[in-house]
Amino acid sequence: MIPGQIKMVYSHYDRLIVGGAVPAGSPLVLDAIDPLKAEYFLQRREIGIINVGGAGTIEVDGESYKLEMKEAIYIGRENKIGSIKINR
């Protein structure tokens, strides 16, 4: 994982995306990647996010959710992730 970036690996065979995000000072935004052929990342998929670092927030459709270390959030299909932030 790289501070200030979202890194992902997309498997066409498994239709699976695995990634990591390390916010460093400013929020990160999870944008759709070209292989998804979608306007936004969760247009046709869902996501589970597990916080393995410090306390942070996830913005989904304009609402913020706080995640402490070792907490997780499930975000269903057709929701828009606005930002991923770490609170320091």
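How many salt bridges does the structure hold? The structure, a predicted model, holds two salt bridges, and the legends below present them together with other local features.

**Figure 1. Confidence of the predicted model along the chain.** The protein has an average pLDDT of 88, and 97% of its residues score at least 70. Among the elements of the protein, the highest mean pLDDT, 95, belongs to strand β6, residues 72-75. The lowest mean value, 73, is that of strand β7, which covers residues 81-86.

**Figure 2. The salt bridge between D34 and K37.** The side chains of these two residues, D34 and K37, meet with an N to O distance of 3.6 Å. Both partners lie in the open: D34 is exposed, and K37 is exposed as well.

**Figure 3. The salt bridge between K66 and E68.** Here the closest N and O atoms of K66 and E68 are 3.3 Å apart. The two partners are described in turn. K66 has a relative accessibility of 56% and therefore counts as exposed. E68 has a relative accessible area of 34%, so this residue is partly exposed.

**Figure 4. The charged end of K80 over the ring of Y40.** The charged end of K80 sits 4.8 Å from the centre of the Y40 ring. As for contacts between rings, the count of aromatic pairs comes to zero.

**Figure 5. D61, a residue with positive phi in the loop between β4 and β5.** Most residues other than glycine have a negative phi. D61 is not a glycine, yet its phi is positive, at about 50°. The loop that holds D61 runs between β4 (56-60) and β5 (63-67). Is D61 buried or partly exposed? The relative accessibility of D61 is 47%, which means that the residue counts as partly exposed.

**Figure 6. K70, a residue with positive phi in the loop between β5 and β6.** Although K70 is not a glycine, its phi is positive, at about 70°. The residue is placed in the loop that lies between β5 and β6. K70 is exposed because its relative accessible area is 71%, and the cut-off for that class is over 50%.

**Figure 7. A nonpolar surface patch.** Which residues make the nonpolar surface patch of about 390 Å²? The patch is made by M1, I50 and V52. One of these residues, I50, belongs to strand β3, residues 47-50. With a relative accessible area of 62%, I50 is exposed.

**Figure 8. I6 in strand β1 and its distance to L28.** I6 is placed in strand β1, which covers residues 5-11. Along the chain, I6 and L28 are 22 residues apart, while their C-alpha atoms are separated by 7.3 Å. I6 counts as partly exposed because its relative accessibility is 24%, whereas the buried class requires a value under 20%.

Figure 9. I73 and I58 are separated by 15 residues in sequence, and their C-alpha atoms are 8.8 Å apart in space. Is I73 buried or exposed? The relative accessibility of I73 is 15%, so the residue counts as buried.

Key:
Residues numbered from 1 in each chain as written. Predicted model: local features only at pLDDT ≥ 70, side-chain atom pairs only at ≥ 80, totals over all residues. Heavy atoms only, no water. pLDDT = per-residue confidence, 0-100. Helix = DSSP H or I, 4+ residues; strand = E, 2+ residues; numbered from the N terminus. Phe/Tyr/Trp six-rings, centres within 6.5 Å; stacked < 30°, edge-to-face > 60°. Lys NZ or Arg CZ within 6 Å of the ring centre and 35° of its normal. Buried < 20%, exposed > 50% of the residue type's maximum accessible area, 1.4 Å probe, protein only. Patch = residues over 30% accessible without salt bridge, like charges linked within 9 Å, V, L, I, M, F, W, Y side chains within 5 Å. Areas by Shrake-Rupley, 256 points an atom, 1.4 Å probe, with all protein chains shown as cover. Salt bridge = Lys/Arg side-chain N within 4 Å of Asp/Glu carboxyl O.
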